[in-house]
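Trainee: Hi! Could you walk me through this model while I have it open?

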Amino acid sequence: MRQWIEHLERKLKVNIKGSFTIPEVLDSIADGGGQEDVIVVIGIGQHFRPYPPEVFIRRLRNVRRAILRLSARSPQAGVVIKLENNREVKAPLMILSDWYGYMQNLAQRKVFEDMEVALVDAWDMTVAANNFALHPNEVVVSNELAVALSFFCHSA
């Protein structure tokens, strides 16, 4: 497994050693202390398409545990999970395909299904908008944001 990850880092020219993980960022959010209105948005799918499913699922479980720790520290904090969106694929690699992305989408739904998090269904939004770009256009992103905020912003 480690050899596969090192191979991908060399091939894709990515250095993950200097990056922060999602659990590290979630764990850095202080409890209470003026942060009552915290909403965290997590989009994890596309960044892990080149990796084996075991790596992706392990990351999801780590994120899940970090969300549970955040909820214990700051029950009022909101968490949004932006699920996978489809994409136009120009590479002949199966791991970058929508099929693989859909499997990751299902994995995210399963891992977070029983948690109090908002799931933004980016897959359906990009299909409905006939937008297959890796980074969806402004209309799709605006709709994703509106759906995410609808979970937390309620009129009086």
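Trainee: Which residue does Arg-64 meet in a salt bridge?
Mentor: The partner is Asp-114, with 2.9 Å from N to O. Keep in mind that this is a predicted model.

Trainee: Is Asp-114 buried or exposed?
Mentor: Asp-114 counts as exposed, because its relative accessibility is 57% and the cut-off for exposed is over 50%. Arg-64 has 21% and therefore counts as partly exposed. Buried would mean under 20%.

Trainee: How many salt bridges are there in total?
Mentor: The count comes to 4. One of them joins Arg-69 and Asp-27, whose closest N and O atoms are 2.8 Å apart. That pair also links distant parts of the chain: Arg-69 is in helix H3 (residues 53–73) and Asp-27 in helix H2 (residues 22–27), 42 residues apart.

Trainee: What about Lys-110, which residue does it pair with?
Mentor: Lys-110 forms a salt bridge with Glu-113, and the closest N and O atoms are 3.3 Å apart. Lys-110 is exposed, with a relative accessible area of 56%. Glu-113 counts as exposed too, at 52%.

Trainee: Let's switch to greasy side chains. Which residues form the nonpolar patch on the surface?
Mentor: The patch is formed by Ile-39, Val-41, Leu-145, Leu-149, Phe-151 and Phe-152. Together they have about 510 Å² of accessible area.

Trainee: Which elements supply at least two residues of the patch each?
Mentor: Those are strand S1 (39–42) and helix H6 (138–150). Phe-152 is found in the segment after H6.

Trainee: Why does Phe-152 count as partly exposed?
Mentor: Its relative accessibility is 31%, and partly exposed covers the range between the buried cut-off, under 20%, and the exposed one, over 50%.

Trainee: New topic: pockets. What volume does the second largest pocket have?
Mentor: About 320 Å³. The lining of that pocket has 17 residues, and Gln-46, His-47, Asn-85, Leu-134 and His-135 are the ones nearest its centre.

Trainee: How does that lining split by class?
Mentor: It has 7 nonpolar, 6 polar and 4 charged residues.

Trainee: Last one, the overall layout. How many helices and strands does the protein chain have?
Mentor: There are 6 helices and 3 strands. From the N terminus on, they run α-α-β-α-β-α-β-α-α.

Trainee: And what share of the chain counts as buried?
Mentor: Of the 156 residues, 38% count as buried.

How values were computed. Residues are numbered from 1 along each chain as its sequence is written. This is a predicted model: local features need pLDDT of at least 70, side-chain atom pairs count only at pLDDT 80 or more; totals for chains, interfaces and linings use all residues. Side-chain values use heavy atoms; hydrogens and water are left out. Patches are made of residues with over 30% relative accessible area and no salt bridge: like charges are joined within 9 Å, nonpolar side chains (Val, Leu, Ile, Met, Phe, Trp, Tyr) within 5 Å. Accessible areas come from the Shrake-Rupley method with a 1.4 Å probe; for residues, only the protein chains shown count as cover. Helices (H or I, at least four residues) and strands (E, at least two) are DSSP runs, numbered from the N terminus. Buried means under 20% relative accessible area, exposed over 50%, partly exposed in between (1.4 Å probe, protein chains only). On a 1 Å grid over the protein atoms alone, a cavity is a set of points where a 1.4 Å probe fits but cannot get out, and a pocket is an open set with protein on both sides within 12 Å along at least five of seven lines; lining residues have an atom within 4 Å of a point. Grid points are joined across faces, edges and corners, and a volume is the space filled by probe spheres set on the points. Ala, Val, Leu, Ile, Met, Phe, Trp, Tyr, Cys and Pro count as nonpolar, Asp, Glu, Lys and Arg as charged, and the others, Gly among them, as polar.
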